[in-house]
Amino acid sequence: MIEKNQLKKEGLAFGRSLQRAFKLAMLYSADHPAADEPVQTAYAALNSILKRSPQFTFGFYNQRVLLNDLLTPDTTLDALASEFFKRGLMGISFSLGLTLRDFRRGMGIIAAKPDVVEAAGGVDPLLDRPLRRVAEGLPREDAHDLQLRLFRPAHGGRAPGHGG
């Protein structure tokens with residue numbers, strides 16, 4: 001099990017690398033060469049955490065960063081928090097065994113433009129594409145079991161305490 005101070009340090013570092021990858025995936029796509037290094041860096045940071053904690057939840061709640069069961073303030077991630085909330089996301093839960101390929105595919109879904117997400121009827125229809133089985137923790141036909149779950153607020157798309 002990962003110690004709380006280590007989780008905070010590595011979790012926030014992951015958040016910053018995720019934010020960088022997210023920006024480039026929004027600008028281009030998660031598969032674009034410009035996003036390749038940032039996506040791989042975020043994935044490596046995530047795997048470092050998952051080696052000591054087989055499940056890791058990253059998200060935002062009440063203007064704080066959620067790292068598993070730890071809430072901590074970090075204003076450097078406000079831009080990412082805002083993008084999550086625009087898409088109706090509170091957080092993402094990752095499990096050990098997540099491949100770079102599926103991490104990249106997940107990044108492509110969460111980085112979809114908010115109007116694309118809205119036009120699709122929310123994140124759920126986007127997940128109905130191939131990643132849906134992964135997002136629900138169901139076995140994929142062509143890979144091992146893994147889990148990547150998106151968390152959405154239950155009350156109208158905004159997390160409590162977020163005014164944006």
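Which residues does T76 touch, not counting residues up to four places away in sequence?

## Surroundings of T76

In this predicted model, T76 touches R16 and Q19 when residues up to four places away in sequence are not counted. T76 sits in the loop that runs between β3 (70-72) and α3 (78-86). A polar contact of 2.3 Å links the side chain of T76 to that of D74.

The C-alpha atoms of T76 and L12 are 9.3 Å apart in space, while the two residues are 64 residues apart in sequence. T76 has a relative accessible area of 44%. That value lies between the limits of 20% for buried and 50% for exposed, so T76 is classed as partly exposed.

## Packing of α1 against α4

Helix α1 covers residues 4-27 and helix α4 covers residues 100-110; their axes come within 10 Å and cross at roughly 65°. Because angles of 65 to 115 degrees count as roughly perpendicular, α1 is described as roughly perpendicular to α4. The crossing of α1 past α4 is right-handed.

## Residues at the helix contact

From α1, the residues F14, L18, A21, F22 and A25 take part, and they meet F103, M107 and I110 of α4. By class, this contact of α1 with α4 comprises eight nonpolar residues, with no polar and no charged ones.

Terms used: Residues are numbered from 1 along each chain as its sequence is written. This is a predicted model: local features need pLDDT of at least 70, side-chain atom pairs count only at pLDDT 80 or more; totals for chains, interfaces and linings use all residues. Side-chain values use heavy atoms; hydrogens and water are left out. Helices (H or I, at least four residues) and strands (E, at least two) are DSSP runs, numbered from the N terminus. Buried means under 20% relative accessible area, exposed over 50%, partly exposed in between (1.4 Å probe, protein chains only). Contact means heavy atoms within 4.5 Å. A polar contact is a pair of N or O atoms within 3.5 Å; within protein, one must be able to donate a hydrogen and the other to accept it, and residues adjacent in sequence count only if both atoms are side-chain atoms. Axes are lines fitted to C-alpha atoms, for helices over the stretch in contact, and angles run from 0 to 180 degrees between N-to-C directions. Angles under 35 degrees count as roughly parallel, over 145 as roughly antiparallel, 65 to 115 as roughly perpendicular and the rest as oblique. A crossing is left-handed if the near helix is turned anticlockwise from the far one by less than a right angle, and right-handed if clockwise. Ala, Val, Leu, Ile, Met, Phe, Trp, Tyr, Cys and Pro count as nonpolar, Asp, Glu, Lys and Arg as charged, and the others, Gly among them, as polar.
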